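Please read them alongside the sequence and the structure.

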Amino acid sequence: MSVLIGILVVVVGIVVSIALHEIGHLVPAKKFGVRVSQYMIGFGPTIWSRKKGETEYGIKAIPLGGYIRMIGMIPPAPEGTKPARSGFFSEVIADSRDASVEEILPGEEHRAFYNLSTPKKLAIMLGGPVMNLVLSVVLLAVTLTVGVSIWEPTNTIFSVGECLPAEEETECIPTPALIAGLEPGDRIISFDNVTIADWDDLLAAISGTAGHEVPLIVVRDGAELALAAAPVEIIRQVQGEDGEIQYVASAFVGIGPASEPTGERQTFPLTQVPAEVGHLFVGTAGAVVRFPVAVYQAVASTVTGGERATDGVMSVVGIGQVATDVASLDAGVLDRVIIMISLVASLNMALFVFNLIPLLPLDGGHVANALYEGAKRQIARLRGKPRPGPTDVARMMPVAYVMFAVLGVSAILLILADLINPIQVF
């Protein structure tokens with residue numbers, strides 16, 4: 001049941017994020033008099049719709065996005081331009097113009113999007129991404145002020161390493177923990193004849209035992225078990241107080257601790273929100289820049305059977321899998337909800353950044369066209385020239401088709417990668 005609730009929370013979060021994004025476009029469009037014929041959540045066949053006034057509101061079968069349909073998104077061909085239909089892209093350009101003009105009802109030319117001023121176009125096209133940014137900030141504020149439970153490592157083993165760490169890929173040398181027969185779930189109560197009560201005790205007991213075989217006692221399945229381990233010496237990189245990297249020799253066993261909640265929560269003041277928003281924005285922007293490489297790495301890892309990077313990109317399917325993992329965590333309900341909220345906050349930041357890419361059919365493409373149009377008008381005004389007509393957006397439609405195809409193929413590849421070789425976040 002918790003898994004289903006987790007998936008439902010994230011699905012609802014995604015749908016609400018998409019709905020609010022489109023409302024960010026819808027409200028200013030109606031405010032400025034543009035006729036909006038459709039407001040749709042999702043793509044594909046329509047599941048439900050209802051017409052209110054001049055706008056049809058509905059939900060479609062595939063909840064992977066949404067759109068509003070504004071009349072006059074593409075202006076007619078500039079005066080003196082001869083329609084060309086000699087090739088595929090010429091056909092695309094001409095058909096886009098024709099379809100846009102046909103939507104405009106007689107006497108409503110003034111309500112076409114292309115007749116708006118540059119500031120109004122920017123307000124409409126930026127409304128969607130800004131709505132996602134606001135939602136991301138609000139959700140981040142919730143997660144920071146509510147906080148999460150503080151967990152601390154224990155003397156119970158969570159993981160046992162198989163190979164000694166190596167700077168280069170070499171043959172696998174088994175870890176002392178593996179050789180000793182330690183297993184996840186073992187609770188170490190004695191190491192080198194020193195009583196162990198917590199993780200700090202264990203670290204202190206391991207220190208200085210490199211090169212020596214020492215006895216240890218673990219509790220496994222309720223019974224005490226005597227074992228022996230021979231820690232080895234490895235060189236670790238440690239950052240000093242001055243920020244300098246130091247190389248320190250230390251004893252290594254090859255175990256990771258299980259953690260448990262302390263009963264306390266770590267919270268942050270609202271003044272911390274801007275810094276966290278900045279970190280999330282920078283990280284998301286970097287991920288968007290690396291998107292093509294990240295998709296390639298996801299596909300390559302899936303084909304070769306390698307482990308995918310935890311900071312890699314994922315599809316909606318991958319987000320659902322992470323939600324399932326969160327719902328299955330051995331943590332309190334509030335902590336799991338907070339993690340899911342932070343996941344939706346990250347998703348909204350991704351929608352904000354991704355939609356600002358200055359290429360059609362993304363919002364950023366329309367923003368770039370509006371800015372170009374505004375710049376031309378200002379230059380013409382300063383030079384005493386006639387006011388230029390709307391930017392010929394139709395010429396960018398081939399780019400939009402290519403971009404749409406690239407995004408579609410990328411989405412399919414990521415969905416397959418998430419189904420076959422999902423990212424192991426936890």
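**Notes on helix H3 and its neighbours**

1. H3 and H6 pass each other in a right-handed crossing. This is a predicted model. The axes of H3 and H6, the latter covering residues 273-289, come within 10 Å and cross at roughly 120 degrees. The two helices, H3 and H6, are therefore oblique to each other.

2. Which residues make the contact of H3 with H6? From H3 come Ser 136, Val 137, Leu 140, Ala 141 and Leu 144, and they meet Val 273, Glu 276, Val 277 and Leu 280 in H6. Sorted by class, this contact of H3 with H6 has 7 nonpolar, 1 polar and 1 charged residues.

3. H3 itself runs over residues 118-146. The helix H3 has 29 residues, and the distance from its first C-alpha to its last is 41 Å, close to the 42 Å expected at 1.5 Å a residue. Just after H3, Gly 147 has a positive phi of about 75 degrees.

4. The axes of H3 and H9 (residues 333-355) come within 8 Å and cross at roughly 155 degrees. That angle makes H3 roughly antiparallel to H9, and the crossing of H3 past H9 is left-handed. On the H3 side the contact is made by Pro 129, Val 130, Asn 132, Leu 133, Leu 135, Ser 136, Leu 139, Leu 140, Val 142, Thr 143 and Val 146. On the H9 side the contact residues are Leu 334, Ile 338, Ile 341, Ser 342, Val 344, Ala 345, Asn 348, Met 349, Leu 351, Phe 352 and Asn 355. The residues of the contact of H3 with H9 divide by class into 16 nonpolar, 6 polar and no charged.

5. How do H3 and H10 lie, and at what angle do their axes cross? The axes of H3 and H10 come within 9 Å and cross at roughly 165 degrees. That makes H3 roughly antiparallel to H10, with H3 passing H10 in a left-handed crossing.

6. In the contact of H3 with H10, the residues of H3 are Thr 118, Lys 121, Leu 122, Met 125, Leu 126 and Pro 129. Those they meet in H10 are Asp 363, His 366, Val 367, Ala 370, Leu 371, Glu 373, Gly 374 and Arg 377. This contact of H3 with H10 divides into 7 nonpolar, 3 polar and 4 charged residues. Pro 129 is named in the contact with H9 and also in the contact with H10.

7. The peptide bond from Leu 360 to Pro 361 is cis, with omega near 10 degrees, and Pro 361 lies in the loop between H9 and H10 (363-382). Asn 193, a residue other than glycine, has a positive phi near 65 degrees. Asn 193 sits in the loop between strand E4 (187-191) and strand E5 (194-195).

Note on methods
Residues are numbered from 1 along each chain as its sequence is written. This is a predicted model: local features need pLDDT of at least 70, side-chain atom pairs count only at pLDDT 80 or more; totals for chains, interfaces and linings use all residues. Side-chain values use heavy atoms; hydrogens and water are left out. Axes are lines fitted to C-alpha atoms, for helices over the stretch in contact, and angles run from 0 to 180 degrees between N-to-C directions. Helices (H or I, at least four residues) and strands (E, at least two) are DSSP runs, numbered from the N terminus. Angles under 35 degrees count as roughly parallel, over 145 as roughly antiparallel, 65 to 115 as roughly perpendicular and the rest as oblique. A crossing is left-handed if the near helix is turned anticlockwise from the far one by less than a right angle, and right-handed if clockwise. Contact means heavy atoms within 4.5 Å. Ala, Val, Leu, Ile, Met, Phe, Trp, Tyr, Cys and Pro count as nonpolar, Asp, Glu, Lys and Arg as charged, and the others, Gly among them, as polar. The expected span of a helix is 1.5 Å times one less than its number of residues.
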